[in-house]
Every structure is written in structure tokens, then in C-alpha cells.
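Q: I have this one open and have not looked at it before. Can we go through it piece by piece?

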Amino acid sequence: MVNRMILNETSYFGKGSVSELPLEFQKRGFKKAIVVTDRDLIRFQVATKITSLLDEKKIAYSIYDGIVPNPTIQNVNDGVIAVEETGADCIIAIGGGSTIDTAKAIGIIVTNPEFADVRSLEGVADTKKPCLPIFAVPTTSGTAAEVTINYVITDEENHRKFVCIDSHDIPIVAFVDSDMMMGMPEKLAAATGMDAMTHAIEGYITNNAWEMTDMLHIKAIEIIGRSLRLSVTGNQKAREEMALGQYIAGMGFSNVGLGLVHGMAHPLSAWYNIPHGVACAVLLPTVMRYNKDFTGEKYRKIAIALSIENAEKMNIESVREAACKEIEQLGRDVGIPETISELGVKAEDIPRIAEDAFKDVCTPGNPRNTSVKEIVELYQCLI
């Protein structure tokens, strides 16, 4: 079997690491950047931490701040127009997964204009050229979009999200700086952190997992498991650890894929505009139980990484349930809702949502084969 690993060319880690961004910009010979971000990050002076650095070094830039949660085709189109109008030769993406995902789609279309309809990027698109170079500055600890070859766009017209997988979209430099993440409110820290845990667990048990990605995912589970609760309270050391943990998870799942949690979470966000991390967090324990008999000894290793007492000695059924319970408790401790009805999901919509989940590009990676009927049942047990 051939296994492939694609990672960032360069990444910086640690408090204050964004100070390296102007130097990276200049030594690569760029002339003008477009800063892709959202209005709240401008308003709360998070993005201005970066634009101030650009101003100090007299680096030319313009700003496109139209990004929204669950970014849409229109967001991408508007961003492409902004790049073309300003003549930028690179993108500085400042924000969470929504921002960096949108920047990837913008960058791909600018250099591969035959995909300008956006929808044609779904799945593994046959793009020919690397995207417009991206400097990624994450402000949340969850999606790891700065190190992945994936991005997700919402098709509002058809009430669906679609996943794009493209080795040409990976940012050339990432700056994983906890200073940029200190502004996260508790709910956002919880949701993005549980998204990172979902990436680590799903990447670990997915069909395409192998030794190198197993190593990454187990370490990510360990770091996130010990850090998330404190990170939600605003503790900077914990946020630094979460920034690292989510990045390590991204290094893994980007190269092997995910599973049914993400397959089921994407349509929930598309139908109801539910934050992606929240959708994943609510679904994760239920889908873990659904998959447990198809994972060999992997739940034992998850339990050990989560520091569950006597995990090494428990019988397999007990340790699998202990791992599920620990993830369930972690969600409760950081304030994640326990049902999808709390998120506004309507029982009458479930059959159509389940069809979308079954067709999602992440679903085939699940260790247990599924069906629309079984997905309906999984959703229904969370109503």
C-alpha cells in the first residue's frame, strides 16, 4: 500500500510567532497581500495585530473582510473579485477554519480560473496549478486548516456543504500563535476544541489510517484531552497546547481522511447553520459507540491517551465504553449540548439530512460501513 504525506512547507509555533510573518513575506519577494478575515476580527482588533506588523514594515495590502461562519460560494466569488481588483500576489488568511477555507478556495480559483463556478471543486478536483500563496494565521484551536489539504464550502442554494480535497491549496506558511487565539470566547474555544478532538479520533480509526498518522493522532488526543477544559477558561498555556494539539491532528487527518461524524455534521451545518465544531461534538460519542466493534484495540489506546485509570487492564468492551464516556464527559464539561434538537434540528428533516450525510465525502472513511437507514437512526437517538 502506498501512503502519502503532504504538510506545510514552513510553520511557526509559539506565543509571538506571528512576528515572523513580514520577514517571510519579504524574503519570498511578494509585493502586495490581500488580508482575508472577518469583520469581528477587525472590530475586536485581532486581525489588526497582523496589519500593524505589515504597516511597520511598509508592506502593501488590502482587506477582504466578508467571511462568515460556514462560508458560502458567494463569499468565495466575492473574494476572487477582491483579489483581481487589488492585484494581490498572495493571501494572508486571519481567522478560524471558515476564513482559511475560503482563502483556499479563492486562491485555487485565482490560479485555476476554469473552476470559477466553485462547485466543480468538490471532492478531488483536477487543478493544475498551486493556489495563490497563502500565509495562514489561525485564531481558533480546532480546524487545523492551516496544515490541511481540505476545505469546506456551503452551497446555500442546495442546502449542503461540500468538501474539497486538493494538494494545491495548502498554505505555504502557517503561524500557530496562541496570542492570536486568546480572544476566543468560551463557547468558541469549546466548539473548536471538540472539533480538533473529533479530527484526532476519526483520523485514528478511519479506514486509511497507518502507523505515521496513528502516531500523530494519538499524540493529538493526549494533548487535547489534557488541555481543552483549561483552554476554555482562557488559560494561555492551555491555549498554546490546544494550538499544537489541533495542528498535530491536522497533520494526520489531512492525509488519511475522516469518517461518519464529519459526514453527519456537514449537513447539519448546511441545513441549520450550526457551528461545525458543535455539530461534531454532539455527534462524536454516539458515532464512537456505533463504530466501537470495528476498531480493534484502538479504543484502548485512546483511553490510555486520555489517562483513563486501568485502561491497560480492562476487557475490550469495558475500555471501549470508558473511552466513549470520557469523550461524552469532556463535551459536558466544556458546555456542549447533548442533543441535536437543542441545536434546532427538526425530526421531519432527518431522512433528507441522512441522505446528504450518506453521500458526504467523509463518510466512506468510516471504519463501519453504514446506510441511510442507520444514519437516520443515529440522528433520531439524539433528538
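Q: Which strands does helix H8 lie across?
A: This is a predicted model. In it, helix H8 (residues 236-256) lies across E1 and strand E9 (173-176).

Q: And what angle does H8 make with E9?
A: H8 runs at about 145° to E9.

Q: What sheet do E1 and E9 belong to?
A: They are in an open sheet of six strands, in the order E1-E9-E6-E4-E2-E3. The pairing in that sheet is parallel.

Q: Which strands are at the edges?
A: Strand E1 (10-13) and strand E3 (60-64). Each of these pairs on one side only.

Q: How much are neighbouring strands turned against each other?
A: By 15° on average, with direction ignored.

Q: Which way do the E6 residues point?
A: Ile 134, Ala 136 and Pro 138 point one way, while Phe 135 and Val 137 point the other way. All of them are buried. In a regular strand, side chains alternate between the two faces of the sheet.

Q: How many bridges does E6 have with E4, and how many with E9?
A: Strand E4 (residues 90-95) pairs with E6 over five bridges, in the parallel sense. E6 and E9 are joined by two bridges and also run parallel.

Q: Which residues are bridge partners there?
A: Ile 91 has Ile 134 in E6 as its bridge partner. For Phe 135, the bridge partner in E9 is Val 173.

Q: Now the E3 end. How many bridges join E2 to E3?
A: Strand E2 (residues 32-36) is joined to E3 by five bridges, and the two run parallel. Val 35 stands opposite Ile 63 in E3.

Q: Which helix packs on the sheet there, touching E2 and E3?
A: Helix H4 (residues 73-86) does, and its direction makes about 155° with that of E3.

Q: Back to H8. At what angle do H7 and H8 cross?
A: The axes of helix H7 (residues 211-232) and H8 cross at roughly 150° and come within 8 Å. Angles over 145 degrees count as roughly antiparallel, so H7 and H8 are roughly antiparallel to each other.

Q: Left-handed or right-handed?
A: H7 passes H8 in a left-handed crossing.

Q: What classes of residue are in the contact of H7 with H8?
A: That contact has 15 nonpolar, seven polar and four charged residues.

Q: What about H9 and H13, at what angle do they cross?
A: Helix H9 (residues 260-272) and helix H13 (residues 350-359) have axes that cross at roughly 130° and come within 8 Å. That makes H9 oblique to H13. The crossing is right-handed.

Q: Which residues make the contact?
A: From H9 they are Gly 263, Met 264, Pro 267, Leu 268, Trp 271 and Tyr 272. H13 contributes Arg 352, Ile 353, Asp 356 and Ala 357. By class, the residues of this contact are seven nonpolar, one polar and two charged.

Q: Different topic. What is the order of strands in the open sheet of three?
A: The order is E5-E8-E7, and the pairing is mixed. Strand E5 (123-124) and E7 are the edge strands, each pairing on one side only.

Q: How do E7 and E8 pair, parallel or antiparallel?
A: They pair in the antiparallel sense, over six bridges. Tyr 151 has Cys 164 in E8 as its bridge partner.

Q: Where is Glu 157?
A: Glu 157 is in the loop between strand E7 (150-155) and strand E8 (160-165).

Q: Is Glu 157 buried or exposed?
A: Exposed, because its relative accessibility is 64% and the cut-off for exposed is over 50%.

Q: How far is Glu 157 from Ile 42?
A: They are 29 Å apart in space, C-alpha to C-alpha, and 115 residues apart in sequence.

Q: Last one, Thr 198. Where is it, and is it buried or exposed?
A: Thr 198 is in helix H6 (residues 186-205). Thr 198 is buried, with a relative accessible area of 0%.

Q: What is Thr 198 in contact with?
A: Leaving aside neighbours within four places in sequence, Thr 198 is in contact with Gly 203, Val 261, His 262, Cys 280 and Leu 284.

Methods
Residues numbered from 1 in each chain as written. Predicted model: local features only at pLDDT ≥ 70, side-chain atom pairs only at ≥ 80, totals over all residues. Heavy atoms only, no water. Axes fitted to C-alpha atoms, helices over the stretch in contact; angles between N-to-C directions. Helix = DSSP H or I, 4+ residues; strand = E, 2+ residues; numbered from the N terminus. Parallel < 35°, antiparallel > 145°, perpendicular 65-115°, else oblique. Left-handed = near helix turned anticlockwise from the far one by under 90°. Contact = heavy atoms within 4.5 Å. Nonpolar A, V, L, I, M, F, W, Y, C, P; charged D, E, K, R; others polar. Pairing = 2+ DSSP bridges. Buried < 20%, exposed > 50% of the residue type's maximum accessible area, 1.4 Å probe, protein only.
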